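Subject: Structure for you to look at, with notes

Dear colleague,

I am handing over the structure below, and my notes on it follow. Please read them with the structure open beside you.

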Amino acid sequence: MLDTTLPAPAAVTPDQRDRHALSMFRDPASVAVVGASDDPAKWGYWLARGALLGRDRREVFLVNRGGGTVLGAPAYRTLSELPTAPELVALCVPPASVGGVVDEALALGGRGFLGITAGVPDEDAIAGRIRAAGARLVGMNSLGIVDAGTDLQLAWGGFASGDIAIVSQSGQLGSEIAGLAARAGMGISRFVSIGNQTDVSAVELLDDLVGDEHTRVVALYLESFAGGADLIGTLARLREAGKHTLLLTVGASDASTRLAHSHTGSMTSAVDIVDAAVRAAGAVRVHTPGEVVEVARLLAWSEPPAGPRIGIIGDSGGQTGIAADVAAAANLDVAEFSSPLSTRLAALLPAGAACSNPVDLAGAGEQDLTSYLSVVQDLLDSEETDSVLLTGYFGSYSVDNPAHAAQEVDLVARMTAAARRVRKPFVVHSMVVHGPAVDAMREHGLPVYPHIETAIRAVSAATSLATTPRSPHVTATSGPALEGTGYVAAQEFLSGTGLRFPAGRVVRCEHDLAAVAELTAPYVLKASWLEHKSEAGGVRVGIADAEALRTEFTAMRARLGDGDYVVEEMDRRPDVVEVILGVRRDPDFGPVVLVGAGGTEAELHRDVAIEMAPVDRHTAHAMLRRLTSHPLLLGWRGRPAVDIEALVDLVVAVSEHAAAAPDVAEVEINPLRVGPDGALAVDALVVPAQA
């Protein structure tokens with residue numbers, strides 16, 4: 001009879017755990033599938049089948065309580081019967097049995113566990129025993145792991161080999177991405193369904209991909225973002241290693257917890273914060289599994305476009321016009337070509353052809369197919385484009401008239417060579433899905449799409465990846481700490497940022513109004529402690545003189561009670577634009593900075609730009625350019641431009657100061673009145689962090 005008494009697993013130090021890393025989940029020396037089965041309707045069948053595919057590289061042990069054989073291979077009744085300790089154990093047993101199997105494997109020296117089973121009792125305690133023994137767990141509730149480079153397949157179904165790594169909190173969604181990639185002629189380098197992340201986290205698995213030579217694109221699906229700051233750093237490291245990350249998420253996440261003290265808090269959403277985080281990391285958020293594959297197809301072909309300028313070529317005015325509209329809506333720049341370039345294109349095309357962008361061949365292709373190549377080459381070589389799109393009938397010639405097949409296929413090869421020579425993204429939207437030319441495009445790796453919107457969407461998302469990762473670094477400051485709440489406390493806290501406030505005085509009673517004589521009317525009266533002063537009737541503007549001020553103060557104090565009231569000189573400068581500037585500390589990702597159209601209607605307009613804080617001047621300028629109201633800052637209808645450099649200075653300074661203050665949850669400056677002669681804050685709020 002076997003001795004099933006299990007010794008207690010030995011505790012290990014964090015350093016020992018670091019040395020183990022996660023190699024057992026990508027290339028284990030041996031694998032044991034516990035719960036292996038001959039029944040294709042069961043998980044144990046698919047895990048056993050996949051494991052056996054790699055038996056030329058590693059030892060594979062199948063464990064089934066009935067013994068015998070599974071899929072023609074010998075099956076052991078328990079792990080203790082194995083001739084050697086398995087490095088990786090796949091758990092596919094009933095929930096109540098998981099704990100016992102784990103303890104048995106740990107006693108044998110198992111290093112890694114893949115938890116397929118869901119609903120495991122005492123899951124956290126089991127994970128604790130695994131960690132204490134120096135082992136690691138992916139799961140529970142995982143759909144499996146695959147590494148194409150090492151012939152490791154422990155998942156349901158089959159996977160085509162390629163260069164997309166999939167790390168997904170939803171196993172089924174990850175499988176959908178893999179299936180869509182396979183149908184598009186692409187494949188995966190690694191697949192990890194992270195399940196409950198009871199032990200190994202998504203960030204660790206992503207970090208393990210940094211050095212993977214088979215991965216070019218990372219498809220990441222997450223629903224929760226605890227430890228989001230670490231995620232930013234890991235995605236940035238992937239980007240620096242030449243791997244682009246495409247993130248999928250949904251609106252409901254840990255990041256959706258919001259502070260609602262101010263406009264700044266109410267004007268941000270979970271997705272806004274996620275977008276800011278992935279921008280800082282040099283990644284991009286996409287919207288559907290299909291879009292993941294669309295963008296990955298372009299990235300497998302070339303690096304992202306260097307900028308947003310897209311040159312559009314087609315053989316139909318209608319199709320090129322629609323392409324231009326779709327591109328503009330996707331924030332791509334369909335800029336008019338220079339006169340020399342337009343003239344050069346006109347020399348290649350019939351009279352009446354549109355040559356200024358988009359380019360309409362006006363029937364030139366029907367007369368001479370090489371017209372396509374000539375125009376494509378010209379736009380690829382031009383310094384006026386960052387990417388080139390060919391839309392319309394090309395690809396259909398060889399389908400509708402097979403006599404054109406050889407020439408059209410040859411043109412595909414020559415276009416491909418031209419794009420590779422200049423290392424510029426070139427994509428095609430063709431009216432046919434299959435045919436000699438379209439099939440040749442796929443063979444050459446040239447991105448070809450059946451719909452104009454998918455082609456444009458891929459270019460737009462890839463263009464977002466052109467930015468350099470920006471890991472926000474918080475430096476401790478020596479400025480004043482937050483003392484109390486309200487407008488006066490906010491002024492003191494922000495005093496070291498260069499932010500200017502109107503001349504003013506604090507008044508608590510009618511006697512204090514005498515000091516206001518030093519100020520110049522008209523006045524503004526504020527109840528300093530109120531967060532939303534306008535809504536509560538805690539602010540009066542345009543008070544003409546001292547007598548009117550006394551009347552307003554008496555009435556406001558009678559209505560709102562005792563407290564610190566502030567009297568200030570009213571800002572009467574002309575040509576001022578009101579801006580909101582705020583910083584808030586997201587519970588998952590950390591501090592973010594917001595700038596946008598301000599004033600009492602800020603929440604109505606919701607014209608804001610958000611980035612991880614702190615920001616540098618380059619990022620602050622880019623934020624302002626993203627605003628719909630940006631033209632107001634530049635001067636609108638004859639008005640002078642405001643001092644944008646002063647505004648940028650404040651965005652940088654406030655983001656640095658607030659991000660470095662752990663006792664502050666939120667800062668809001670609204671309105672920040674920016675004119676040609678600088679900026680003046682006429683209200684501010686600082687919300688302390690909860691203890």
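**Helix packing and buried sites**

In helix H14, the residues Thr370, Tyr372, Leu373, Val376, Gln377, Leu380 and Asp381 meet Gln407, Leu411, Arg414, Met415, Ala418, Ala419, Arg421 and Val422 in helix H16. Sorted by class, this contact of H14 with H16 has nine nonpolar, three polar and three charged residues. Please keep in mind throughout that this is a predicted model.

The axes of H14 (residues 370-381) and H16 (residues 405-422) are 10 Å apart and pack at an angle of about 5°, which makes H14 roughly parallel to H16. H14 also holds Asp378, which counts as buried because its relative accessibility is 14%, under the 20% that sets the limit for a buried residue. Leaving aside residues up to four places away in sequence, Asp378 touches Leu341, Arg344, Leu345 and Leu348.

Helix H22 (residues 617-626) and helix H24 (residues 644-659) have axes that come within 9 Å and cross at roughly 115°, and the crossing in which H22 passes H24 is right-handed. From H22, the residues Arg617, Ala620, His621 and Leu624 meet Ile644, Glu645, Leu647, Val648, Asp649, Val651 and Val652 in H24; by class, seven of the residues in this contact are nonpolar, one is polar and three are charged. H24 itself is mostly covered, with 13 of its 16 residues buried, and from its first C-alpha to its last it reaches 22 Å, close to the 22 Å expected at 1.5 Å a residue.

Helix H5 (residues 171-183) can be checked in a similar way: at 1.5 Å a residue its 13 residues should span 18 Å, and because its end C-alpha atoms are 19 Å apart, the span agrees with that expectation. Which residues of H5 are buried? They are Gly171, Leu173, Gly174, Ile177, Ala178 and Ala181. As a general point, an α-helix has 3.6 residues a turn, so residues three or four places apart point the same way. The elements that cover the buried residues of H5 include strand E10 (161-168), strand E11 (188-193), strand E12 (217-221), strand E13 (244-248) and helix H10 (289-301). Just after H5, Gly185 takes a positive phi of about 80°.

Not counting residues up to four places away in sequence, Val93 touches Val34, Gly35, Val98, Val101 and Thr117. The C-alpha atoms of Val93 and Val33 are separated by 9.7 Å, although these two residues are 60 residues apart along the chain.

Finally, some values for the whole chain. The protein chain has 24 helices and 29 strands, and its C-alpha trace spans about 100 × 85 × 35 Å along its principal axes. Of its 691 residues, 53% count as buried. Among contacts between residues at least 6 apart in sequence, 71% join residues at least 24 apart.

With best wishes

Note on methods:
Residues are numbered from 1 along each chain as its sequence is written. This is a predicted model: local features need pLDDT of at least 70, side-chain atom pairs count only at pLDDT 80 or more; totals for chains, interfaces and linings use all residues. Side-chain values use heavy atoms; hydrogens and water are left out. Helices (H or I, at least four residues) and strands (E, at least two) are DSSP runs, numbered from the N terminus. The expected span of a helix is 1.5 Å times one less than its number of residues. Buried means under 20% relative accessible area, exposed over 50%, partly exposed in between (1.4 Å probe, protein chains only). Contact means heavy atoms within 4.5 Å. Axes are lines fitted to C-alpha atoms, for helices over the stretch in contact, and angles run from 0 to 180 degrees between N-to-C directions. A crossing is left-handed if the near helix is turned anticlockwise from the far one by less than a right angle, and right-handed if clockwise. Ala, Val, Leu, Ile, Met, Phe, Trp, Tyr, Cys and Pro count as nonpolar, Asp, Glu, Lys and Arg as charged, and the others, Gly among them, as polar. Angles under 35 degrees count as roughly parallel, over 145 as roughly antiparallel, 65 to 115 as roughly perpendicular and the rest as oblique.
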